[in-house]
Amino acid sequence: MGWSFQDKHKLHDELGPLFTLVTPAGNEVTVADPEVAHTVLARRKDYIKPAIMYEQLNVFGRNLNTVNGEDWQRHRRLTAPSFNEKISSLVWDEAGRQAHDMISAWTQQGERGTKDTVPDTATLALHVLTNAAFGAAYPFSKGVSKVSPGHEMTYKDSLSLCLSNIITFAILPKKYLSLSYMPMKLQRVGQAAREFQQYMAEMLDSERGSTKYERTVNLMSALVRASDEDAESKAGGQDSSKLGLTDDEIFGNIFAYNLAGHETTANTVAFALCLLAAYPEYQDWVREEILEVQADYPPPAAGEQQSYEQIFPRLQRCLAVMYETLRLYGSVVFIPRAASSSPQTISLPDNNNNERRDVVIPPSTAVNINLQALHTDPKLWGPDALEWRPTRWLQKSSPHEKESFISTAPGQYIPWADGPRVCPGQKFAQ
């Protein structure tokens, strides 16, 4: 599926907004029309997530990303509250600390600069996630810390190794990785999986053993609280499988949060920094906004960050830089779906006139939404669709008014997907 990152909208210019790849294994429909994309993602029961593609994410348990139907409703109900403003504030503070330390490490290099942009943004993203998920704090420059009692790896190292070997887990179940005849590299991955699961189990026990006044603010505590409260409120007469989340499901969701947020965030930040370096005029544009916003509030105490509630909503240009980077260099290039067991009808634009025509999608047909094509379609974004231009996201109705974000059509810009299965961590990522 990675071909579309290089191709952008070229193939759709030639074949139209929808084309079908016919193979012995089945047909695959590729779509780059915003109305169709919005429809497919809005109708979650008619276009489901293909289980075969998402099974590899069940390394530690079923999770919001991999389930469908009633199971998805239960997971969504219990996991969505985890991404609240308290968590967003925690992410804001930790991201600020990590970014400050990363920039300090870079400036110490002098005129040589740094060649470690990508690994450093990966470290930054990982440290923010470990703090948000479990409250485990790591200094940027000293990420390797003392191993906890009863462990042979740090939490951060075990998580990092699991995240970087997701394809390994898809090929070999983790229970086989620790077998004595496996190569040492694979045994090390198996050890990381055991260590990470042990860390999660210990933190889960700690959360359940705490009173509501002792619980910290992180994703694990939010998941445990929501799950336990749901089970208590609905106990008595209901199927236990519909009450709360099992321990494995909590572990699965925590791992899915980290998997979904690590490389995507790290790569977006790395691309944005490189693009700002290449376009100094946009550095000045963003700096102007930051200085203007900061001037309205007293400077924070040493080691503290300025208020998330006050500062974040006003950083429109910063957000525009990230939106534009995601538009052209997003980590997700396709959103896969599959038609349900009955035929589905979608409406496509007719090239011969301005009307639309109905197309029937056969049962169980793969439907891939081509994000790269959607996000670079000249009809949607203008003749400069391939140009990195963050100013396209902001508008002013008059010289005296503040800049405001533009509104895109449904399905036009969907880096976090769309519809009921939109990524719950969208605000978290921003």
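**Reading the labels**

Reply: In this predicted model, Ser364 has a relative accessibility of 57% and counts as exposed.

Me: Why is Ser364 called exposed?

Reply: Exposed is the word for a relative accessible area over 50%, and because Ser364 comes to 57%, the label applies. Ser364 is found in the loop between strand S6 (356-361) and strand S7 (366-370), and has a positive phi of about 65° although it is not a glycine.

Me: Is Lys8 buried or exposed, and how do you know?

Reply: Lys8 has a relative accessibility of 14%, and since buried means under 20%, Lys8 is therefore buried. Lys8 belongs to the loop between helix H1 (3-7) and helix H2 (10-15), and its phi is positive, about 55°, although Lys8 is not a glycine.

Me: What makes the pair of Tyr323 and Trp393 edge-to-face?

Reply: The two ring centres are 5.2 Å apart, within the 6.5 Å that a pair requires, and the planes stand at 80°, so the pair is edge-to-face, a label for angles over 60 degrees. This pair links distant parts of the chain, with Tyr323 in helix H15 (residues 316-329) and Trp393 in the loop between helix H17 (378-381) and strand S8 (394-395), 70 residues apart. Both Tyr323 and Trp393 are buried.

Me: Which residues do ring pairs link into a cluster?

Reply: The cluster consists of Phe60, Phe134, Tyr155, Phe196, Tyr199 and Phe255, linked by ring pairs.

Notes:
Residues are numbered from 1 along each chain as its sequence is written. This is a predicted model: local features need pLDDT of at least 70, side-chain atom pairs count only at pLDDT 80 or more; totals for chains, interfaces and linings use all residues. Side-chain values use heavy atoms; hydrogens and water are left out. Rings of Phe, Tyr and Trp (its six-membered ring) pair if their centres lie within 6.5 Å; planes under 30 degrees apart count as stacked, over 60 as edge-to-face and the rest as tilted. Helices (H or I, at least four residues) and strands (E, at least two) are DSSP runs, numbered from the N terminus. Buried means under 20% relative accessible area, exposed over 50%, partly exposed in between (1.4 Å probe, protein chains only).
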